[in-house]
Amino acid sequence: MHDDRVLIEQRIERELWQRVLPRLHRDRRPLRIEAWHVPGEPVSYEEAVAQTYEPFAIGASWGPPWSTTWFRLAGQVPDDWPRGQVEAVVDLGWGMRGPGFQAEGLVWWDGAPLQGVHPRRTAVPLPDVGVDGGVTLLVEAAANPAMPASFRPTPLGSLDTAGDRPLYRVSTAELVWRDEEVYHLCLDVEVLVGVMKGLPLDDPRRQRLLRQLARAFDAIDARDVGGTATAARELLRPALEVPARASSMRVIGVGHAHIDSAWLWPIRETVRKCARTFSSAVRLMDDHPDYRFVCSQAVQYRWMEDRYPALFERIRDQVAAGRFVPVGGMWVEADMNLPSGESLARQLVHGQRYFASRFGVRCREVWIPDVFGYPATMPQLYAAAGCRRFVTQKLSWNKQNRFPHSTFWWEGLDGTRVLTHFPPVDTYNAEVTGEQMAFSERNFREHGWSDWALMPYGYGNGGGGPTREMVERARRLADLDGTPRLQLGTTDEFFDRLEAELAAGAEAPVWRGELYFEMHRGTLTSQIETKVGNRRCERLLREAELWWAAGGALPAEVAAELDELWRDLLLQQFHDIIPGSSIAWVHDDAEREHARIAARLEQLIVDAFARLGVVAGAGWLIANASARHRLEVISGPDGEPVPVEVPASAAMPLVAVDLGQFTDRVETGERSMSNGRLAVRWDDDGTITSIVDVVRGRELLPSGRTVDVELAPDQPVEYDAWDLESWTVGLGAPLRGGAEVAWMERHPLRARVRVRRSLGTASTISVTYTLSALSERLDLSFDVDWHEHEQLLSLVVPLDVRADEATCDIQFGHVRRPTHPSSSLDAAKFEVCAHRYVDLSEPGFGVAVVNDGRYGHRLFDGGIRVSLLRGARYPDPEADQGRHHVTIAVMPHGPGLVDVLAEAERLNVPIRLVPGRMPDGVGGVPVVEVDGTGVEVDAVKRADDGSGDLIVRLHEALGDRTEVQVRVAGSVRAAARCDLFEELLPDAAAVDLVDGAASLALRPFELVTLRLAT
């Protein structure tokens, strides 16, 4: 035959869109429109329905940025329209940009949410229309602005700068009579065209489909599409009845709507996005009983419970029916890099407990498809929450290296494995098309042993989730030649199929270690105050739980408030909030929320000490919330240096330690200082030129090198707040000249010198070098007044240490990462996440760079670079502007990391000064004392069940086997290992009792939760 393929395909495309689809409605009637513009923040249905509405015309403008308008639509259904085919069509003025990310509406019917309206869901099938044919709808319309897709700065991300110009014009509001035959003809054609385009050009099935489609369009009379649609469908029926090939892959489609809990909209708007999407989801289930919708993030269910109780009850009913399926087990889809390990544990605890309490279910999988990398310790944490299955797809975005697996065992640092799947459709917003099905099959990496893949489908982030058209296409793709077989189901059904294959002898590949994401490295530094606020709140929550635990069982109201404060913080760990990739509104809210949480926790800590008997009066206490005995110099109540000693997790009166047994004091020269352990020198411009480990006789800096602060242009190719390019630091230069160098303190116990200089166009930076007696670290405390845009500020610490790998602190352990770009995998890790420290070591000597509030690091052969600040302009054009403080410490050490762990904890858990005094004979007794080399304590708290039992969560942090003894005030009567929910593990290794202490053995990087009866 002649090759007219391209021409015929063009004909099909044009006739479908320009001649058939416009005939979808057999008749239409305009709806009368009235509007009420909300003067401020959104209001309830009850308040809105009581307002006075004004006439509103098609084409009229509405909606200044972030405003709300309620539209009342009224009309009359003609008597001769078949009631099952009557719909309202509403277009609030959407452009062609996409299925979401712009205005949205929630349709209310009889006082309850009916469904959302979105750019790809404009039709509202009407419930039972009365005998009189009268119809009245209320549409709560949100004028969410469409952010520029070009990553250009925009003022739309804040109420203060967005302006008041209306953004939208209502273009359609009418009643329609939908032609069922034309509707299903369009779906038949869409499916077959998609299958055809997904096949190779020389596939016979593709050629046959082209001819069958051409004959169907020959049968359509453009003047009477409705009258000829049935004949065209009959011509296509044989093409739709050819079953799938026996070897076709099997795909389980799960309905889904990925809704960012905040991103290009604030949390207050996410609440409404959820109502729109979830009401549409449960409504679709009424017409399609085989449709399943999976939904993560317990906080979003709670929003529905609190704000939309009628909708929540519908969701609860559908959960019970197995159609609306909670997944993920987390409070939010949290970032995995930046929160502490304990925070991620609480994400799972609060998420799983919510699902169990409201629906009687616990999730078996972690579902975080859009998170920017996955640390190597996560498999163990997931398993501890009952989740031995894991779904994501984000690594499909990798720019340098394609990930080699679709389905595999992910093995963590401790050896725990979770069964992991990356859906080969490479999106969590699939639309159920033939092209996507074909791509899934081509992209699937496990054909050698598995038949099954997952396809999450539905429009996310305000697009409204799955549509009826997607479900109809899925029905046609269930068993169709030329495409994988598709069935609608759940995540559990998918993993059950996988596990059956494995039980039958199939072998899945294994990936050991972190799942590093080769994009979005800038999120380790963007909006740094959001990250610093999070770390502060994490510390305060740990302290509050510890000091309240010291007094016995918690009062119920305190336990409830601590839980609520945890949940408030967990929300701010969402994967577009804490990474710094949201609009200004979101980060302003986050920083206010962190301040509120911190203030309340500070008061709770004061209350906890009062409960322990601390009374007002002369004197001060020192409180050590860390799990290590402390001997160090602190700032006393008057700011003067004071040497103190305090046991682990204990409080006692502030008494200066007699330093007669110690020989080290701080001595200063014109441009030098030494404490007998470290000797530091700087030049007349304040640049550090030498750091000597006096004890070990090692100069830390390579010959001719200095510790520098560098400024570099930071202009990513795309994704401004998200990305950081490999070449950025190479464009930078150290800050030199114009420094003001001044001594701030020259005391035998502590010396401080400040170096202050201007930088960039309008910024200043002060760095204070601090050296204290009894300390093996040099502190560099930064005070930066930052007013730079698209610049990266970093600290460069060159080190005379030869190491192919650096050790990076992560949650519940550490990972080793290359200091060289020898392979493409190594080269891609040019910016990595580390929490409290990064260490370069030779067998007998090393240097750690420790911090109290930074995460982005660049490793190089002979040094460590710490990213301090950025100034991205999208999506927040004023990101990071203002005052910032952080301390970076340089610490030499001998073999191993034991001393590094101790110093990192000292910096991040400072000794607390508490005004008042304790009763005589009280104080100085540890709440918990842990003996075990390399063991870190993550939480000390009372059991959530009110029993008064003590919960201690700890982990082995060095990668070694060790024996641990856990002592408490008094003695331990009984001890057992438990899961994250504080429920006993029947098959766990025993915990011995020895002299009133709990004794157990830990494997490398093992995470353990102990339940102690005291």
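Modeller: Arginine 497 lies over the face of tryptophan 452, 5.1 Å from the ring centre. The rule is NZ of Lys or CZ of Arg within 6 Å of the ring centre and within 35 degrees of the ring normal. This is a predicted model, where local features need pLDDT of at least 70 and side-chain atom pairs count only at pLDDT 80 or more, while totals for chains, interfaces and linings use all residues. Residues are numbered from 1 along each chain as its sequence is written, and side-chain values use heavy atoms, leaving out hydrogens and water.

Biologist: Thanks! Which ring does lysine 273 lie over?

Modeller: That is tryptophan 265, with 4.0 Å to the ring centre.

Biologist: And how many aromatic pairs are there?

Modeller: The count is 43 aromatic pairs, taking Phe, Tyr and Trp (six-membered ring) with centres within 6.5 Å; planes under 30 degrees apart are stacked, over 60 edge-to-face, the rest tilted. Tryptophan 62 and phenylalanine 71 are edge-to-face, because their planes meet at 85°, with centres 5.6 Å apart.

Biologist: Are those two buried or exposed?

Modeller: Both tryptophan 62 and phenylalanine 71 are buried (under 20% relative accessible area; exposed is over 50%, partly exposed in between, with a 1.4 Å probe and protein chains only).
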